[in-house]
Amino acid sequence: MVLHVNMAAAPGRKEAETDVTLKHTRRRVGIWRGEVLDAVTTEKDGRRTYYSYTYKVAAAGRWMPQVRWDNSDGEPHVDKYDETGTLKERAQTVEKRLDDVLGTVRLYRRELLTIPASEL
Amino acid sequence: MKVDLKSVARGESTTRELERLSGVYGTLERLQLRVGVEGCSNPDAVDDLELWKALRSEDCVVERLITYQSPAIFAHLTPRRLDLLQRMAMKEYPSIRSLAEDCGRDYKNVYDDLTALKLWGLVSLVRRGRCVRPSARVVEMKVTLD
């Protein structure tokens, strides 16, 4: 059963479809209370050119990054942060997909902090 | 149960995204400099740089999705907060005060509600001089009961 609510719907209004060559998507996936995964991707002509998947925990009114997988420097890598959100460790890795990262994050959650970056 | 929240911005409606970025970082060049220095020490800035570069393309579409797989979010979606979201989805407000006046509610209470919604990623609050401009980040909600 699906309940669908469109808060900006206007009767008879339908958005015109246009060809999209560049699509930037930001997705927040709730993992647990006070834990989310922020996924950011850019696709050009259907091909993914940028991705970042950041596991964050809520602390002091902010979302603090804990582990991040991305290809922002042109090379896929994984970064780990300490409890204050300060970058402390980096390791090279292979290209990641959202489903892979989600599986890892849901399985380990806060225990990710105890796993070396090279093994993530 | 799965709750999906979505908004799509294309063409002129991406100006809100640009306004948010300008409000936070100033200019694209400043953001590039900052990312050049801080790199992944500031992951949000890295992602925002990618967004800003994408927005320079005329046919860019920005899609925002939020997925929650527990009903916990409903404890925070009170009728008054849903009313705020709906008002912001239908109309732009230059400040929190203008939104509060439109609702006929106290400024402090509206501010508290917006702060709670912001933590769930449902609204953005961009400082513009002395005012804070609220805007809805989602306009569509889908609840799937499995």
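Let me start with A:Arg106: setting aside neighbours within four places in sequence, this arginine is in contact with A:Val29, A:Gly30, A:Ile31 and B:Gln69, where contact means heavy atoms within 4.5 Å. Before going further, a word on what we have here: this is a predicted model, with local features needing pLDDT of at least 70 and side-chain atom pairs counting only at pLDDT 80 or more, while totals for chains, interfaces and linings use all residues. Residues are numbered from 1 along each chain as its sequence is written, chains are lettered from A and ligands numbered from 1 in the order in which they are written, and side-chain values use heavy atoms, with hydrogens and water left out.

Back to our arginine. A:Arg106 sits in helix α1 (residues 98–108) of chain A; helices (H or I, at least four residues) and strands (E, at least two) are DSSP runs, numbered from the N terminus. A:Arg106 counts as partly exposed because its relative accessibility is 37%. The scale, computed with a 1.4 Å probe on protein chains only, calls a residue buried under 20% relative accessible area, exposed over 50%, and partly exposed in between.

Now, chain A as a whole. Chain A has 1 helix and 7 strands, and from the N terminus on they run β-β-β-β-β-β-β-α. Of its 120 residues, 46% count as buried. Among contacts in chain A between residues at least 6 apart in sequence, 34% join residues at least 24 apart.

How do the two chains meet? 40 residues of chain A are in contact with 38 residues of chain B. The area buried between them is about 3600 Å², and carbon and sulfur atoms give 52% of that; buried area is the accessible area (1.4 Å probe) that two parts lose on being put together, summed over both. There are 4 salt bridges between chain A and chain B, each a side-chain nitrogen of Lys or Arg within 4 Å of a carboxyl oxygen of Asp or Glu. One of the salt bridges joins B:Asp44 to A:Lys56, with the closest N and O atoms 3.0 Å apart.

Over to chain B, and some aromatics. The count is 2 aromatic pairs over all chains. B:Tyr107 and B:Tyr111 count as stacked because their ring centres are 6.3 Å apart and their planes are at 20 degrees. For the rule, rings of Phe, Tyr and Trp (its six-membered ring) pair if their centres lie within 6.5 Å; planes under 30 degrees apart are stacked, over 60 edge-to-face and the rest tilted. Both tyrosines lie in helix α6 (residues 107–119) of chain B, 4 residues apart, about one turn of the helix.

Last, which cysteine has its sulfur closest to that of B:Cys131? B:Cys103, but at 16 Å the sulfurs are too far apart for a bond.

Note on methods:
A disulfide is a pair of cysteine sulfur atoms within 2.5 Å.
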